[in-house]
Amino acid sequence: MSALATAPAIVPLAAAALVTVVRSRPALQQAVAVVGILVLLACALALLAQVLTGETLVVAFGGWPAPMAIEFVVDRTAAALVVITALMGAAAIVFLASDADVGNGHPLLLPLLFGVLAGAGGAFVTGDLFNLYVWFEVMLICALGLLAIGGRVDQLDASFKYLALNLLGTLLLLFAVAAVYGVTGHLNFAALAAAAPAVAPGLWLAVLTLLTLAFLVKAGAFPVYAWLPASYHTLPAPVLALVAGLLTKVGIYAVLRTLGDVFSPAPGVLHELLGWVAAATMLFGVLGAAYHWDMRRILAFHIISQVGYILLGIALASAAGYAATLFYTLHHIIVKANLFLIAAIIWRLTGSYDLRRIGGLYVARPWMTLLLLIPALSLVGIPPLSGFWAKLLLLEEAIGQGRVVWTVVALVVSVLTLYSMMKIWMEAFWKRHPDPDWQPPVNTRLGPAWAATVGLAGVTVWISLYPQALLVYAQAAAATLGGR
Amino acid sequence: MIWAVAAAVWITLASGVYLCLSRDVFRVALGLAVVGAGVNLALLASGRLGAGLPAVVPKGEQLLVGASNPLPQALVLTAIVIGFALVCFSLALVLGLIRDAGTDDALELRAAEPVPGDEVKPPQTDPAHAPDWPPEGRP
């Protein structure tokens, strides 16, 4: 069943084509989208079941022998990320049926959404460097379409900034791919791993630095993250949740794949530099979040801050560090997407994303407090929620390696994260609504929104209460990285 | 030959980056296209240049000797196609942006990130730059 390895790319592409064909009939389009995402989810779970037996699925295209063919390789790391991709797609498509900031109902929104899923899925499973670049381009053009599709002037403005900075990152990636091919003569990951030690160390460091920098642009790391807070907050909520959850993580996955797996052991100076980049990313991201009062902008800056934590695991350059990175990534995608979706529900109930204009939700919707606090406190890392386990794994390894400065930065940033999560709670829930006549609207269509957010919160609670299952999986995944 | 190509890559990248640094958004879009062309040249150069022989392995041989490696040429074709699509998109986007925002000065494009009027507090979002509330309901 190695053909199953193509499903993460093929299924979303087929779904994108189908929802484009039926775009003139919204109800049918939505039904096709639900079927498409369910098929993707089923394929992802089947892949997960395969890799759980210890097998790595490899499929080579075109009948070429090993180093020539483009390969799709699904190991534990890739399979877990594919499952989470499908889950995020499902949450976004369910949420689209509500009326909480879901955009203008443009018929091409769903095709582009599946395009993003195809790009992410393809990037996770590919075993070829140039192919990885192509999947990054697929994600870029689809994300641009999703940004520009709303047509408001701020969305066009955001698209332009996203385009300019991300396209430079992509071109940097293409340049790095050319350099890698120039010095090794290979693009296949397995062949690259074998060929890399023969390259002169100085030249190799330059090439690998270029490649890592290109991926860091995509990951939203300091100091090349400016495209992210400039654009994300203009997206409609379900799209924002999907894009915010997935796109930067694909960049992180690419850094993990290059430094931690294919080119492992990478030069130590690169890991050292990455550690400082990670610490700066955490700090500057959270400072941006502490300044803002618009919920979407707060959360967008928190993506950057959390990217720093995830990169720190890669910088530690050990199996425990990589396991922490994988655990953190999986936990974080769910929590972050859920926070954006909950912010959209708050917007629907109170009328604004700006914390200065809203309030009174604790009286109006007391149970919603719990729904907010699960992902919010998990993002901070309050025990026993999933973020606590992720940070524990990460900081245990950092302390174990004697990285005191990085650990202290991570802990200080956690406190500042708590500050901005409490800001959302105090302003949106605890204080009175600034308009004394405010009543929560009655004619809302929030059922699908509740289903999506409660479902994601349920996954967070599951990880929180049974971290062992995911931890064992992440450790097994990390143990196979760099093992070629 | 390789030095001539290196100089061409350098000049193309330099002019592209120069255009990208402009405040005129239309020039930025053109600059990105020029940078893309420079990177494509570099990609082409990664597979040997200048032999002029067809990239065909003679019968009975296993290795391609003397000719350029055809793989980077195939990669460049892919990259050109992708780059062309992105250039088309960026030109359409920039024209729409100039039309709707009424300016082509990048420093005046502040619709997504408004300039704070207060020294401490961030600016309030302009309702014209936020989703409509209450929503009209999807068609």
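## Where chain A meets chain B

In this predicted model, 40 residues of chain A are in contact with 40 residues of chain B, contact meaning that the C-beta atoms of two residues, placed from the backbone, lie within 7 Å. On the chain A side, the elements that give two or more residues are helix H5 (129-148), helix H6 (153-184) and helix H9 (227-231). Helices here are DSSP runs (H or I) of at least four residues, strands (E) of at least two, numbered from the N terminus. H6(A) gives the most, with 16 residues.

By type, the side of chain A that touches chain B has 25 nonpolar, seven polar and eight charged residues. Ala, Val, Leu, Ile, Met, Phe, Trp, Tyr, Cys and Pro count as nonpolar, Asp, Glu, Lys and Arg as charged, and the others, Gly among them, as polar.

Residues are numbered from 1 along each chain as its sequence is written, and chains are lettered from A and ligands numbered from 1 in the order in which they are written. Local features need pLDDT of at least 70 and side-chain atom pairs count only at pLDDT 80 or more, while totals for chains, interfaces and linings use all residues.

## Chain B

Chain B has three helices and zero strands, in the order α-α-α along the sequence. Its radius of gyration, 23 Å, is well over the 14 Å that the globule rule gives for 139 residues, so chain B is more spread out than a compact globule. The radius is taken over C-alpha atoms, and the rule is 2.2 Å times the number of residues to the power 0.38.

The C-alpha atoms of chain B fill a box of roughly 75 × 40 × 30 Å along the principal axes.

## Helices H2 and H3 of chain A

The axes of H2(A) (residues 26-52) and H3(A) (residues 76-95) come within 9 Å and cross at roughly 160°. That makes the two helices roughly antiparallel, a label for angles over 145 degrees. The residues of this contact comprise 17 nonpolar, one polar and one charged.

## Ile463 of chain A

Ile463(A) lies in helix H18 (residues 447-465) of chain A. Ile463(A) counts as buried because it has 23 C-beta neighbours inside 10 Å. Beyond its neighbours within four places in sequence, Ile463(A) is in contact with His331(A), Ser386(A) and Leu470(A).

Notes: A residue is buried if 20 or more other C-beta atoms lie within 10 Å of its own, exposed if 12 or fewer, and partly exposed in between; C-beta atoms are placed from the backbone. Axes are lines fitted to C-alpha atoms, for helices over the stretch in contact, and angles run from 0 to 180 degrees between N-to-C directions. Angles under 35 degrees count as roughly parallel, over 145 as roughly antiparallel, 65 to 115 as roughly perpendicular and the rest as oblique.
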